Amino acid sequence: MNQRINKENGITLIALVITIIILLILAVVSINLVMNSGIIKRAENAVDKYAKAEDEEKSALEAFLNGQTDETYEEEKKVNAPVLKTGMTPVKYEGGKWVDTTEDDPEWYNYLDEEVKIGEKTVEAKKWANVRLKDGSMFVWIPRYAYKITKLTESSYTEGIVTGEYTGRYTNSAGSIEVVYLKGNT
């Protein structure tokens, strides 16, 4: 009876040797794949590419901010001019549809709360600078700005006050927000 239990529950020496051989073969194949197919090398390359892309992004942002100088400031519109990159086409909404224009078009945008006369053309108020990319997607230029939020009491509630040429002040019972467009990269 003792011999039967050992045969049914035990492992034979042959089965143990075969299992060890299979595990060794799997280990050799796995090590070979990792070393020869370059999984470690690919991971190292991915880290290098990520670091390079991060450096390029920082450089591009720095170059962009350095390009925002007082020379890009438009005195008539009281805002930094939009900076177009390759592949961006300025567009304006005209006659119920988007129309391609140029960055020199004075009617392309006006961020002020009032119309502006530039040369012979009058540019309507609150007109955003939009661009279209080659794939059809669109973006809007938001100039650099600063703001101040003031909480008001019910007794000091006012509405629709405009202060200055390019500073809008809008208030309600919650408070007011003053927005000023910045010059250059201040």
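Guide: A helix here is a DSSP run, H or I, of at least four residues, and helices are numbered from the N terminus. The model under discussion is a predicted one. Helix H3 covers residues 39-67, and Glu54 is found in this helix.

Visitor: Why is Glu54 called partly exposed?

Guide: The relative accessibility of Glu54 is 35%. Buried means under 20% and exposed over 50%, with partly exposed in between. The value of 35% lies between these limits, so Glu54 counts as partly exposed.

Visitor: What makes the patch around Glu54 a patch of negative charge?

Guide: The patch on the surface gathers Glu54, Asp55, Glu56 and Glu57. Asp and Glu count as negative, so these residues give the patch its charge.

Visitor: How many salt bridges does the structure hold?

Guide: The structure holds 7 salt bridges.

Visitor: Why is the contact between Lys78 and Glu75 called a salt bridge?

Guide: A salt bridge needs a side-chain nitrogen of Lys or Arg within 4 Å of a carboxyl oxygen of Asp or Glu. For Lys78 and Glu75 the distance from N to O is 2.9 Å. That value is within 4 Å, so the pair qualifies.

Visitor: Are Lys78 and Glu75 buried or partly exposed?

Guide: Lys78 has 13% relative accessibility, which is under 20%, so it counts as buried. Glu75 has a relative accessible area of 45%, so it is partly exposed.

Visitor: What ties together strand S9 and strand S12?

Guide: The side chains of Lys148 and Glu178 meet in a salt bridge of 3.9 Å, N to O. Lys148 lies in strand S9 (residues 145-150) and Glu178 in strand S12 (residues 175-181), so the pair joins parts that are 30 residues apart in sequence. At 19% relative accessibility, Glu178 is under 20% and therefore counts as buried. Lys148, at 48%, is partly exposed.

Visitor: Which residues are linked in a network of salt bridges?

Guide: The network links Lys92, Glu94, Asp105, Glu107 and Lys121. Within it, the side chains of Glu94 and Lys92 meet at 3.4 Å, N to O. Lys92 is buried at 7% relative accessibility, whereas Glu94 is partly exposed at 36%.

Visitor: Why is the aromatic pair of Trp108 and Tyr109 called edge-to-face?

Guide: The count of aromatic pairs comes to 6. In the pair of Trp108 and Tyr109, the rings are 5.3 Å apart, centre to centre, with 80° between the planes. Trp108 is buried at 1% relative accessibility, and Tyr109 is buried with a relative accessible area of 1%.

Visitor: What makes the pair of Tyr109 and Tyr111 tilted?

Guide: The planes of Tyr109 and Tyr111 are 50° apart, and the centres 5.7 Å. Ring pairs link Trp108, Tyr109, Tyr111, Trp128 and Tyr181 into a cluster.

Key
Residues numbered from 1 in each chain as written. Predicted model: local features only at pLDDT ≥ 70, side-chain atom pairs only at ≥ 80, totals over all residues. Heavy atoms only, no water. Patch = residues over 30% accessible without salt bridge, like charges linked within 9 Å, V, L, I, M, F, W, Y side chains within 5 Å. Areas by Shrake-Rupley, 256 points an atom, 1.4 Å probe, with all protein chains shown as cover. Charge placed at Lys NZ, Arg CZ, Asp CG, Glu CD. Helix = DSSP H or I, 4+ residues; strand = E, 2+ residues; numbered from the N terminus. Buried < 20%, exposed > 50% of the residue type's maximum accessible area, 1.4 Å probe, protein only. Phe/Tyr/Trp six-rings, centres within 6.5 Å; stacked < 30°, edge-to-face > 60°.
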